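Here are some notes for a colleague who is opening this entry for the first time. Please look over the chain below before reading the points.

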Amino acid sequence: MDILAHGLWVGLGVGWLAQTRPVPRTLAAATVAMGVLPDLVHLLPIVAWAVFGDGTIDDIRRYAFAAPGLEPGMTPWAVFWSHHLHCTLHSALVAAGVTLLLRPWWRHVGLPLAGWWSHILIDVPTHSAEFYPVPVLYPLTMRGFDGLAWNTPWFMVLNYSAIAVCAFVLWRRRT
Ligand SMILES: [Zn+2]
């Protein structure tokens with residue numbers, strides 16, 4: 001799914017939860033951040049290549065908005081790190097490992113981890129075999145589920161309509 005919709009869905013989830021129990025602002029912000037970071041962290045090697053190597057700002061923009069197979073030509077190390085960072089943060093196996101590791105601090109990290117999990121679980125069915133399938137079982141396999149690409153126009157309309165309806169319901173419950 002697109003990064004804005006990820007952030008909005010997690011924000012709505014946190015907003016809903018905040019109506020049932022107190023959610024500190026920092027925890028809410030961390031949860032939304034974890035809901036969008038999987039689509040941002042893999043840009044860091046591209047940014048580093050643009051800042052310290054011979055990449056350009058335009059390369060970052062072209063990479064961020066590229067269609068499959070139309071990414072700009074990049075230096076091999078930037079491609080390598082960007083690819084593996086993207087896979088790592090979209091892997092249910094990695095997320096499960098981190099979740100187990102952080103279990104003793106569940107009270108503090110549970111909500112942000114839920115934000116991360118939401119990103120993975122939403123992305124799996126909203127990418128297709130042709131449109132960046134999510135390597136949900138990385139590093140065991142790079143194969144992903146052949147779902148519906150989130151940029152399908154009718155799905156974009158439906159998704160943002162659902163977000164708007166949920167936001168309205170949440171707002172009505174507050175007032
Ligand atoms: Zn993603």
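1. Alanine 96 lies in helix α6, which covers residues 92–101; helices here are DSSP runs of H or I with at least four residues, numbered from the N terminus. Residues are numbered from 1 along each chain as its sequence is written.

2. The model is a predicted one, in which local features need pLDDT of at least 70, side-chain atom pairs count only at pLDDT 80 or more, and totals for chains, interfaces and linings use all residues. The chain has a mean pLDDT (the predictor's confidence in each residue, from 0 to 100) of 94, and 99% of its residues reach 70 or more. Among the elements of the chain, α6 has the highest mean pLDDT, 98, whereas helix α4 (residues 57–64) has the lowest, 88.

3. Is alanine 96 buried or exposed? Alanine 96 is exposed because 12 other C-beta atoms lie within 10 Å, where 12 or fewer counts as exposed, 20 or more as buried and anything in between as partly exposed, with C-beta atoms placed from the backbone.

4. The axes of α6 and helix α7 (residues 106–123) come within 10 Å and cross at roughly 170°, and the two helices are therefore roughly antiparallel to each other, a term for angles over 145 degrees. The contact, defined by C-beta atoms placed from the backbone and lying within 7 Å, is made by Ala92, Ala95 and Thr99 of α6 together with Leu113, Trp116, Trp117 and Ile120 of α7.

5. Alanine 96 and leucine 113 are 17 residues apart in sequence, and their C-alpha atoms are 9.7 Å apart in space.

How values were computed: Axes are lines fitted to C-alpha atoms, for helices over the stretch in contact, and angles run from 0 to 180 degrees between N-to-C directions. Angles under 35 degrees count as roughly parallel, over 145 as roughly antiparallel, 65 to 115 as roughly perpendicular and the rest as oblique. Two residues are in contact if their C-beta atoms, placed from the backbone, lie within 7 Å.
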